[in-house]
Amino acid sequence: MPAEARITAARLTRAARSATRLRGFTLIEIMVVVVILAILATLVAPQILGRIDDARVTKAKNDLRMYEAALDMYKMDNFKYPNTDQGLTALVQKPADPNLTNWRPEGYVKQLQKDPWGHDYVYVAPGSNGAPYDLYSLGADGQPGGEGIDADINSREIK
């Protein structure tokens, strides 16, 4: 074989190898990767979603503690807790009660928060069982009672 023919054959062999490398992934290889990612997602997703629910319950408990502290400050200034009609709004704007002469002009909280599920916190005064008030979140379902993340979160039970 002449030298030129050998050089041309070598170039063709190199070109064929380069073309093979540039082809990319086969459909089977891509499908295997997709299946592996789907399996990993089914294992990890429930753990992540469970943590989101835990975080919402923790936020609700922290909000209730904050409201309890604000209600205690309200009582120290005004010698009583707001009644049910005044509600938690009494922590943000002064109620129309002429006996409240020590109400703080800046209020006791900057603004009222909804619970992590988008529902209003429930405030009832006087409370049950001789408590001065009841303060709670109705949980994820927004209904009294429930279990798990749907359970009510009562400020008296989180201490």
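Which residue in E3 is the bridge partner of Ser 137? The bridge partner of Ser 137 is Ile 153. The legends below describe views of a predicted model.

**View 1. The whole chain contains 2 helices and 3 strands.** The chain has 159 residues, and 26% of them count as buried. Among contacts between residues at least 6 apart in sequence, 44% join residues at least 24 apart.

**View 2. The 3 strands form an open sheet in the order E1-E2-E3.** The pairing in this sheet is antiparallel. Strand E1 (122–124) and E3 are the edge strands, and each of them pairs on one side only. Strand E2 (residues 134–137) pairs with E3 in the antiparallel sense, over 2 bridges.

**View 3. Ile 153 lies in strand E3 (residues 153–154).** Ile 153 counts as buried because its relative accessibility is 8%, and buried means under 20%. The C-alpha atoms of Ile 153 and Tyr 136 are 5.4 Å apart in space, while the two residues are 17 apart in sequence. Setting aside neighbours within four places in sequence, Ile 153 is in contact with Val 57, Ala 60, Lys 61, Leu 64, Trp 117, Leu 135, Tyr 136, Ser 137 and Ile 158.

**View 4. The largest nonpolar core has 21 residues.** Leu 88, Leu 91 and Leu 135 touch the most other members of this core. Helix H2 (residues 27–78) gives the core its largest share, 6 residues. With neighbours within four places in sequence left aside, the contacts of Leu 135 include Leu 64, Tyr 67, Glu 68 and Leu 71. Leu 135 is also in contact with Leu 88, with Tyr 121, Val 122 and Tyr 123, and with Ile 153, Asn 154 and Ser 155.

**View 5. A nonpolar patch on the surface has about 1,100 Å² of accessible area.** The patch is formed by Ile 28, Val 32, Val 33, Val 35, Ile 36, Leu 37, Ile 39, Leu 40, Leu 43, Val 44, Ile 48 and Ile 52. One of these residues, Ile 48, lies in helix H2. Is Ile 48 buried, exposed or partly exposed? Ile 48 is partly exposed, because its relative accessible area is 47%, and partly exposed residues fall between the 20% limit for buried and the 50% limit for exposed.

Terms used: Residues numbered from 1 in each chain as written. Predicted model: local features only at pLDDT ≥ 70, side-chain atom pairs only at ≥ 80, totals over all residues. Heavy atoms only, no water. Core = buried A, V, L, I, M, F, W, Y, C linked by side-chain atoms within 4.5 Å. Buried < 20%, exposed > 50% of the residue type's maximum accessible area, 1.4 Å probe, protein only. Helix = DSSP H or I, 4+ residues; strand = E, 2+ residues; numbered from the N terminus. Contact = heavy atoms within 4.5 Å. Patch = residues over 30% accessible without salt bridge, like charges linked within 9 Å, V, L, I, M, F, W, Y side chains within 5 Å. Areas by Shrake-Rupley, 256 points an atom, 1.4 Å probe, with all protein chains shown as cover. Salt bridge = Lys/Arg side-chain N within 4 Å of Asp/Glu carboxyl O. Pairing = 2+ DSSP bridges.
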